[in-house]
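Here is a short briefing for you, with the sequence and structure just below.

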Amino acid sequence: MPIEITRRATRRIQVGNVPVGDGAPITVQSMTNTPTADVDATVAQIHRLEASGCELVRVAVPDMDAAAAIGAIKARITIPLIADIHFDHRLAIAAAQHGADALRINPGNIGGRKKVDEVVACARDRQLPIRIGVNSGSLEKDLLATHGGATPAAMVESAMGHVRLLEDAGFERIKISIKASDVPRTVAAYRLLAQQTDHPLHLGITEAGSLYAGVVKSAMGIGMLLAEGIGDTLRVSLTRDCVEEVRVGFEILKALDIRRRGPEIISCPTCGRCGIDLIEVVDQVEKALLPRTVPIKLAIMGCVVNGPGEAREADIGIAGGEGVGILFKKGKVIRKVPRDQLVAVLLAEVDQWEKENGAATTDERS
């Protein structure tokens, strides 16, 4: 039986046409790594992210050229665009004026109360939300001294101080992130923060690392928080192609049975009975199905001895053999298939299943 997850109640904000918080589907986002002022390159990368299911995208705005490019980028994409700002409040204002759907700032480095108020006024006029982003590596010196380092309590105190800056200016369209590069501090900080505010929370492990370390850290940290009902949107930070971030994000949601976008593939770890190059077959199927939204469970097994039985819950499956494999559905063998045709047959079956059942992405369980 799936675990029962009770979502933490939060306020709702609107990022472009995407709702965040108050029971809205937990959104998966990413960030481009192209120079934002290079409109063609940035748009091309965002199109790849859109195809992978990315629902919100963030771009760095280090200078006025990047801020000015936002309008041209927005005109060519379909998902909301968030401007990431540090150090210069004028960049936040310019990004908003050029059409950003939301701003990500750290009020502690944006230039003082007066400049924060100017950003808030601009966001209020355009009804834009602001994400307050606090990272363990950029905390205020007085908080580091008081708490003896970048502790969870120091991170939360920083975040809530920034929240009060915005709320004192009459601004309520707030989302908060509070990240460290290690799982225990990040989880502890979010747990503490969730007790102190009902603003929606953006989850992530910052600077999580390369593929293996980054996936493990993100799955552990984000997964634990989601299982406790904490979190309204997420980004998996990887030193990798940003499309992989989206893919991992949806896999985390899928593993917790929170949302299902695209096929779920189960496959065996292989053994001496394996009758096909299972790693290559799984890679081929995953790449072919990456753009698909159909929520189907597939099994790709290495041998016909245990394949159908071990994967009887799969909607469709294949298992390898010496020269010939099998196609099965719900554990029942349908027919034998030449080994070199297994992938093509499986993909054809997915196409047929999609025609018969539709391709909608499921949202959270009720």
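Angles between axes under 35 degrees count as roughly parallel, over 145 as roughly antiparallel, 65 to 115 as roughly perpendicular, and the rest as oblique. Please keep in mind that this is a predicted model.

**Helices α6 and α7**

- Helix α6 covers residues 152-168 and helix α7 covers residues 183-194; the two pack with their axes 8 Å apart, at an angle of about 45°.
- The crossing in which α6 passes α7 is right-handed.
- On the α6 side, the contact involves P152, A153, M155, V156, A159 and M160, and these meet R185, A188, A189, L192 and L193 of α7.
- Sorted by class, this contact of α6 with α7 holds 10 nonpolar residues, one charged residue and no polar ones.

**Helices α2 and α3**

- The axes of helix α2 (residues 64-74) and helix α3 (residues 89-97) cross at roughly 15° and come within 8 Å.
- This makes α2 roughly parallel to α3.
- The α2 and α3 crossing is right-handed.
- M64, A67 and I70 of α2 make the contact with R90, L91, A94 and A95 of α3.
- Six nonpolar residues and one charged residue make up the contact of α2 with α3, with no polar residue in it.

**The five-stranded sheet**

- Five strands, in the order β11-β12-β13-β14-β15, form an open sheet with mixed pairing.
- At the edges are β11 (264-267) and β15 (332-338), each of which pairs on one side only.
- On average, and with direction ignored, neighbouring strands of this sheet are turned by 20° against each other.
- Within the sheet, strand β13 (residues 316-319) and strand β14 (residues 324-329) run antiparallel and are joined by three bridges.
- Helix α10 (residues 278-289) lies across β11, β12 (297-301) and β13, and runs at about 155° to β12.

**A closer look at F328**

- F328 lies in strand β14, and G317 stands opposite F328 there.
- Is F328 buried or exposed? With a relative accessible area of 0%, F328 is buried, because the cut-off for that class is under 20%.
- From C-alpha to C-alpha, F328 and A311 are 9.3 Å apart in space, and they are 17 residues apart in sequence.

How values were computed
Residues numbered from 1 in each chain as written. Predicted model: local features only at pLDDT ≥ 70, side-chain atom pairs only at ≥ 80, totals over all residues. Heavy atoms only, no water. Axes fitted to C-alpha atoms, helices over the stretch in contact; angles between N-to-C directions. Helix = DSSP H or I, 4+ residues; strand = E, 2+ residues; numbered from the N terminus. Left-handed = near helix turned anticlockwise from the far one by under 90°. Contact = heavy atoms within 4.5 Å. Nonpolar A, V, L, I, M, F, W, Y, C, P; charged D, E, K, R; others polar. Pairing = 2+ DSSP bridges. Buried < 20%, exposed > 50% of the residue type's maximum accessible area, 1.4 Å probe, protein only.
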